[in-house]
Amino acid sequence: MQRFTLMFVVIATMGVACTQSEVPAPVTPDPRSHDFFSFANTDEFVNEHLQLDLRVDFEAEELQGSATLRLRRTASNATEVVLDTRELTIEDARFELPGGESVTATHRFGESQAILGTPLIIAVPDELQAAEELLLTIEYRTSPGATALQWLPPELTAGGEHPFLFSQSQAIHARSWVPLQDTPAVRITYDANIHTPPQLMAIMSANNDPDTERDGDYEFEMPQPIPPYLLALAVGNIYVAPIGDETGVYTEPELLEASAYEFADTQDMLDKAAAMFGPYQWGRYDLLILPPSFPYGGMENPRLSFITPSVLAGDRSLVSIIAHELAHSWSGNLVTNATWRDGWLNEGWTSYLEHRLMEVIYSEERAAELAVVDYRELLLDLEVVPLEQQALAPPFESGDPDDFQGIVPYHKGNLFLKYLEKSFGRDVFDEFIADYFGEFEFGTITSEVFLDYLDEKLLSAHPGIVSRSQAEHWLYQPGLPDTAPIPVSTSLDAAADFAWQWSQGEIDIADVPAADWSPQGMIHFINSLDADLSEEQLVELDTALGLSNTHNAEIGRTWFIQVAKRQFRPGYGKLDEYVNRYGRTRLVKPLYQALVENGVDATLAREMFERARGLYHPVTVTSVELILE
Ligand code: BES
Ligand code: ZN
């Protein structure tokens, strides 16, 4: 019975893939599949298609236009449609009648909540009380403070001449630029007309035509159904360069060449991923390299991953981010977490697939190095994360989903899947991977649906290897089970040895073979240094290895955390430069945090932040402010 109940969650949200006759008799959905982060009445109406017509107004910092939602009725007595919004101005709401005319609908806002925004409640007119399918058009404007949108003045772009706009809808920000059912439990197809100043180009998480005419009017179509957090738009002085047959890179002309070089392996990644995980279902795969304020390393907007420019290291050493965002084309975009509490299904699976890709494209050693660095981050995180948040599928009914996406779902999720791979053997597990994506493609699942599927296909099919209660331990218990596989890397072990020997004065800095190391080798070396090095030693280290001047953003992050922790004042000037170079939260937040926590530099951290905050995205500002308070 439980399995049937859970399958309802999957099928009910698949929309496109099932016809009326396949819909099972209504059963009570599993309460764990409830999305606490949406007001939408998805048990009464399900959005299936979205049509956008939006003008991009850089002066007003607003999108203006309309959203038309095709809704399928799933409850015969429902009289209102409830949508998610945040700071939208609604000008009109109307439904289309069967004859093609339209009728204005009464609409009102419900009570706002700080994190969730404001429900928009639209009355269904009497004429449509029996209609199975409804077409609802909303005329609206966004607010300049829309949490999903960053409007950049020309000075914050590479070219410095044109403004730039980008969206970041995950987790619950789509509602700040489109009125819709903003929950990953729903999947929509969409099409869009976007009107921009004529010299600028618009691109979306849709069918971007590399040869489109740059005239300020752009049309898009996204025929595959996606959860709303994957709606994405960018507008700016954007050009495209090809990488492979089905891959390319979009960015400002100033970054085009460097980007095409850095991400030259993208086509290979795509081909290898499809060979391992099942067909790539989305058409083209392109990258968009954003201005430095982009708050994440990457965002898996379908067909068009959004990527931070901080991965442009010049030596392709940070491209695991591309492997990660590409892998989301399976884990996350094809099979989606039903709620943000199931985030590990997106991020843990993706981290696992990322490492598999890095192994097959580069080497086992490179993947092992990434795994060791991640493992170290996880152990440090488990020391500070409250126990109830350490489960992969924790209780999560309030708060902000943005704050909830810590390290645990990524690296613990990855370890869980590595544990399964090791236990059942790679061949068996590889078959499971492809079957899993095939079974749930374009579906939305909870951790419990996953668990039942795992049980049926692996645990029970190969009895005596992993028990259901062992799997449940990973999902519901804090910390790591004793059976967790501990990643090892001989090259990182060697780097740690050098750190120890040099710290002890047993070898000279010139004997440290840093030039042979990957960034992960250097990161591990820095993290393995003795806690009580003298300032002279740190000066020697910094001078010999060029740490404060590094152009590798990850090495810089690791080094400047140490600079702040150790109160290494000769490094503070460069640290200040670093927090002004990129706005990616992962790069800057831990530096402010280390300053605050070193016991003497909280005021300095606040001053630095005040100077830099104009460069940052609202998401980054909020999360740094939390620390500085
Ligand atoms: N989907 C995430 C980014 C995200 C997470 C946006 C939570 C909003 C809320 C993306 O795939 C991601 O995981 N990015 C990582 C990159 C990485 C682990 C290689 C990042 O930004 O650091
Ligand atoms: Zn991710």
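Which polar backbone atom is 2.6 Å from an oxygen atom of ligand 1? In this predicted model, that atom belongs to Gly 297. The pair is a polar contact (N or O atoms within 3.5 Å). Glu 300 places a polar side-chain atom 2.6 Å from a nitrogen atom of the ligand. In the side chain of His 324, an N or O atom is 3.0 Å from a ligand oxygen atom. Alone, ligand 1 exposes 520 Å², and the protein buries 90% of that (accessible areas by the Shrake-Rupley method, 1.4 Å probe).

The shell around ligand 1 holds 15 residues (a heavy atom within 4 Å). Gln 170, Gly 297, Glu 300, Glu 325 and Tyr 410 come nearest. The shell divides into 4 nonpolar, 7 polar and 4 charged residues, with Gly counted as polar and Tyr as nonpolar. Helix 4 (320-327) and strand 18 (298-299) each give two or more residues. Helix 4 gives the most, with 3. Helices (H or I, at least four residues) and strands (E, at least two) are DSSP runs.

Pairing requires at least two DSSP bridges. Strands 17 (285-289) and 19 (304-307) pair in the parallel sense over 4 bridges. Asp 286 stands opposite Leu 304 of strand 19.

Residues are numbered from 1 along each chain as written, and chains are lettered from A and ligands numbered from 1 in written order. Local features need pLDDT of at least 70 and side-chain atom pairs 80 or more, while totals for chains, interfaces and linings use all residues; side-chain values use heavy atoms, without hydrogens and water.

Definitions and conventions:
A polar contact is a pair of N or O atoms within 3.5 Å; within protein, one must be able to donate a hydrogen and the other to accept it, and residues adjacent in sequence count only if both atoms are side-chain atoms.
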